[in-house]
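Subject: Handover of a structure, with findings

Dear colleague,

Please find the structure below, together with its sequence. My notes on what was found in it follow.

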Amino acid sequence: TAFLSAKKFALAYQDGEKIVATSIDTLKQISFGGATDPAISPDGNKLAYTVSDTAGHRTIWVADLDNKTQAQLPVDNNNYYGAVWSPSGQAIAFNLYTKENRWKIAVIKADFTGFQILDSGTEMNVFSPSWKNENELIAHDLTNLYTFNNTGKLIDTKSLAALIGKDLDISSSNHFFYTSDGKKLVFNAGNSDVVENGVGPNEAVYVMDLATKKIDRISPEGFDVPYVFLTADDRIFYSASKTPGGLPKIYAADLTGKIKMIVDKGMQPTGTLK
């Protein structure tokens, strides 16, 4: 219980073909069929998610968990997905495929105003956004970790190889998160674990101290972690399974590596603030 809040809804995750928002005691739940990429707002009142149609289009919708209303983000595009709320819940960032055939990060306010595409004038492709703080976002292109301010300007570039070394493999779906003090980086990445009958590298959760460059592994060996999420108050949520082919469970951890299993069947978790 130390990992979750006492809010009406404290956690959202994927469960097969549906997404679930649940209270800490699981007595109160809301589920949405045919949706993916659940993202619960920091206050636990709203849920953003991706809807895909039969033509392969992806759009983001936001549901009010109290009054059950749902609305699509007003974005003139048919391929945008993967919402992430800002620490205050006042804005949403997401990946978007532009008319110029590039992957970019877009931002819109929670009241559905102020839509903009970050760094829209360059040919760079970037993936898997997260919020460094209320005014800055980060994303990567498999080679570099980029920081953008909320006006869309690129303000920092860090080589991933120089940052985390060359022994960890990064895919476009791997996420990076700064801790609230900006001193550590939480992420998931492929590693050299030997997994019998495994396909591709196993992935794990890591915490890196930016001052010392020391990297600590959080998730234990023998588990594959394709998804990690860090709340704005530094609690780690991740889904993991015994590889290959195991059913994923959801775990919560702190920055020291104390782990607790919280859902026995689910993936892609996001949590609220305490």
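A salt bridge is taken here as a side-chain nitrogen of Lys or Arg within 4 Å of a carboxyl oxygen of Asp or Glu. By that criterion, the side chains of Lys-158 and Asp-156 form a salt bridge, with an N to O distance of 2.6 Å.

Before the remaining findings, a word on the basis of these notes. The model is predicted, so local features need pLDDT of at least 70 and side-chain atom pairs count only at pLDDT 80 or more, whereas totals for chains, interfaces and linings use all residues. Residues are numbered from 1 along each chain as its sequence is written, and side-chain values use heavy atoms, with hydrogens and water left out.

Salt bridges

A search of the whole structure returns eight salt bridges, one of them being the pair Lys-158 and Asp-156 already mentioned. For accessibility, buried means under 20% relative accessible area, exposed means over 50%, and partly exposed lies in between (1.4 Å probe, protein chains only). Lys-158 is partly exposed at 26%, and Asp-156 is partly exposed with a relative accessible area of 26%.

Another salt bridge brings together the side chains of Lys-265 and Asp-15, at 2.6 Å from N to O. This pair links distant parts of the chain, 250 residues apart: Lys-265 lies in the loop between β23 (259-263) and β24 (267-271), and Asp-15 belongs to strand β1 (residues 11-15). Strands (E, at least two residues) and helices (H or I, at least four) are DSSP runs, numbered from the N terminus. Lys-265 is partly exposed, at 38% relative accessible area, while Asp-15 counts as buried at 17%.

The side chains of Lys-99 and Asp-76 also meet in a salt bridge, with 3.8 Å from N to O. Here the partners are 23 residues apart, with Lys-99 in the loop between β9 (91-97) and β10 (103-109) and Asp-76 in the loop between β7 and β8 (80-85). Lys-99 is exposed at 67%, and Asp-76 is likewise exposed, at 66%.

Five of the five residues of β1 are buried, so the strand is largely enclosed by the rest of the structure. Both of its faces are covered: Leu-11, Tyr-13 and Asp-15 are buried on one side, and Ala-12 and Gln-14 on the other.

Two strands are said to pair if DSSP finds at least two bridges between them. β1 is joined to β24 by three bridges, and the two run antiparallel; Thr-270 in β24 is the bridge partner of Ala-12. β1 also pairs with strand β2 (residues 18-22) in the antiparallel sense, over five bridges, and there Leu-11 has Thr-22 as its bridge partner. In the hairpin of β1 and β2, two residues stand between the strands, and Gly-16 takes a positive phi near 65°.

A four-stranded sheet

An open sheet of four strands has the order β4-β5-β6-β7, with antiparallel pairing. Its edge strands, β4 (35-40) and β7 (70-72), each pair on one side only. Within this sheet, seven bridges join β5 (residues 46-52) to β6 (residues 58-64), and Val-51 stands opposite Thr-59 in β6.

With kind regards
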